[in-house]
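Hello,

Here is the structure I promised to pass on to you. Please have it open while you read, and my notes follow below.

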Amino acid sequence: MKHLIHPEDPAKMNWIEGNTPWGTVKCPDGLSCTYESEEKGDAVFERFTFRNETDHDLFTALTDVAVYTPFNDNYEEAAVCMEKRCHTHIWCADEVSYVMALRMGGKGPHLGLMLTKGSLGGYSVERDLTKSSNDRGDFLLHPTPFALAPGESMVLEWVLFWHEGKADFYEKCRRFPSYIGVSMERAVYFAGEPVRFAVEPAVCCTKENLSITRNGRPVPFRMEGNRAMVEEPAGEPGEWEYHITANGVATRCSVLVLPAFEELLWARCRFLVNKQQYRREGSRLDGAFLIYDNEEHCLHYDPGYDHNGGRERVCMGILLAAFLQRHEDRQMEESLERYLAYVYRELYDADTGEVFNDAGRDNHYFRLYNYPWMALFFLEVYGLKGQRRYLKDAVRILRAFYEKGGKAFYAIEVPVGQTLRCLKREGMEEEYRELLARFREHAAFLMERGTDYPAHEVNYEQSIVAPAANLLFELCEVTGDMNYFMAAKRQLAVLELFNGRQPDYHLFETAIRHWDGYWFGKNRMYGDTFPHYWSYLTGKAYAHYASASGEKDYEEKAEASFRGVLSLISSDGSASCAMVYPVTVNGQKSVGYDPWANDQDWGLYAMLRRRRTKKI
């Protein structure tokens, strides 16, 4: 099959376009495969029969067998993406496996895949590396490892069907007898909270025909009609994987239990101070927070871009300043003072507002993203110390940001509401009016562009859409102008398509991102990063929308999104910049957390900020 186009789609999008043809099968020697396809109405049924052609028993490993399913998930200019590209949400959970593909612009029809026979254990990705960060790659679905006697066969079957969006996709999944729905409000819990989820088979199931276990022990549940309700207290931190069997069909889900939030926060801030701050009198980097290599137990620095002493790593200082607003600790206070001296000396010009890319006031690579982040750092220092000088630094930086082209830039974490609230509190009316006017000009540009997003460091991505939504929401909160709300709501409709609802703490309300591990990680590996900390930006937009609209389900989705990035922080305070989720990427084993603690503290800071004031 080379094309799959809905007959009534005016854009004529081909949903199965990739470098390797749809349905191509990879098998080890001695294992044959025959392929059958049948169209029934507007659905396509596909069947792959694997047969042992040898005279001995044949056993497979997870990556030995793969079926190529190249959903059209790559990034060209935004106008193309809106009409002719899709976000691909994959769930390989044994006998209950599916793919929910969503057109990036949100307009139906969309495409779904539901496994109806066999079992899938995971997926891999093959990327066109010449496209760098702009190609998510071809997807390879892996059958769960199996064993066949000579002449014996194993069958894998699925159906491709059209749907109108997330709710309709899951409603249509319920039509398949093999489907078991697993629903939850969140997938990350803090110790002491109740872990809750529901299991609902498509076919009516009695308690006797349903089994839920964790670590080999039965998990109690109660039945509400055809739904099994699980609730147990979150105890020992770690991954909790549940195995579910209903009417003979097997699947799984997983949640993550973390220490209590304050305990996790303390552990991370101690780690920052003790492990990630460089201390050497006379060095440019004295006081800097740097990358920490958890494999080699040492600091790492490279002046090249994403491994240097500035940029995203500024958030280590932001987190510490925010933490100290709630807690007293002399060692951490001294650490922050040392970092503050480093910032003034190496990363920021207090006379001009210029923010530098690296130590040594190095700006050979100019980057507008750095400006709002440094402004946010000074806002948090102001929040800690209460001294106007730091608020004035934030104003100076934001002024420079707009003078250098910020109005047309989709910058991450522009602190609109926080800046204006602080200025109002200090009675700095002139600066308030100046920056409010700048923010309004920025918003006008975003509203005029709509979903015609300009390319940034990636052609089109979640952290281009999210900044637009959040800036507009924040301006609505400050001004009460509902035109900003309506424009932000249109952005949100596109933004939430990046997020899936698979019942796994790596995937649940986690935005699709697939390049960050290469740029920021030690392993330098492209591939789906589930999670990556910028995923919380979608949660931030959810929270703004929930606050303005009163829609409770968006508040729940916001909490799930904020929590979803916290698996990057470990109980001992160590951390990882990216979790590369596929089994392999271009044939290289990939699943796991990168060894570098680099820039992931944005996620923990966002959760602290959310808990601190409920103001985003």
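In what order do the 4 strands of the open sheet run, and is their pairing parallel or antiparallel? This is a predicted model, and in it the order is β13-β15-β19-β18, with antiparallel pairing. The edges are formed by β13 (180-183) and β18 (221-224), each of which pairs on one side only. Going from one strand to the next, the twist averages 25 degrees.

Within that sheet, have a look at β15 and β19. Strand β15 covers residues 194-201 and strand β19 covers residues 227-233, and the two pair in the antiparallel sense over 6 bridges. If you want a spot to start from, find Ala 198, which stands opposite Met 229 in β19.

Next comes β16, a strand of 5 residues (210-214). Is this strand largely enclosed or largely open to the outside? Since 4 of its 5 residues are buried, β16 is largely enclosed by the rest of the structure.

β16 has two pairings to point out. With strand β20 (residues 238-246), β16 pairs in the antiparallel sense over 5 bridges, and here Thr 213 stands opposite His 243. With strand β17 (residues 217-218), β16 also pairs in the antiparallel sense, over 2 bridges. In this second pairing two arginines face each other, as Arg 214 stands opposite Arg 217 in β17. The hairpin of β16 and β17 has 2 residues between the strands, and Asn 215 takes a positive phi near 55 degrees there.

Now to the cysteines, in case you were wondering about them. How many disulfides does a search of the whole structure find? The count is 0. Take Cys 253, for example: the nearest cysteine sulfur belongs to Cys 205 and is 15 Å away, whereas a disulfide needs the two sulfur atoms to be within 2.5 Å. Cys 253 is also buried, with a relative accessible area of 1%.

Cys 577 is in no disulfide either. For Cys 577 the nearest cysteine sulfur is that of Cys 315, 14 Å away. Is Cys 577 buried or exposed? Cys 577 has a relative accessible area of 1%, so this residue counts as buried, the cut-off being under 20%.

That is what I have for you on this one.

Best wishes

Definitions and conventions: Residues numbered from 1 in each chain as written. Predicted model: local features only at pLDDT ≥ 70, side-chain atom pairs only at ≥ 80, totals over all residues. Heavy atoms only, no water. Pairing = 2+ DSSP bridges. Axes fitted to C-alpha atoms, helices over the stretch in contact; angles between N-to-C directions. Buried < 20%, exposed > 50% of the residue type's maximum accessible area, 1.4 Å probe, protein only.
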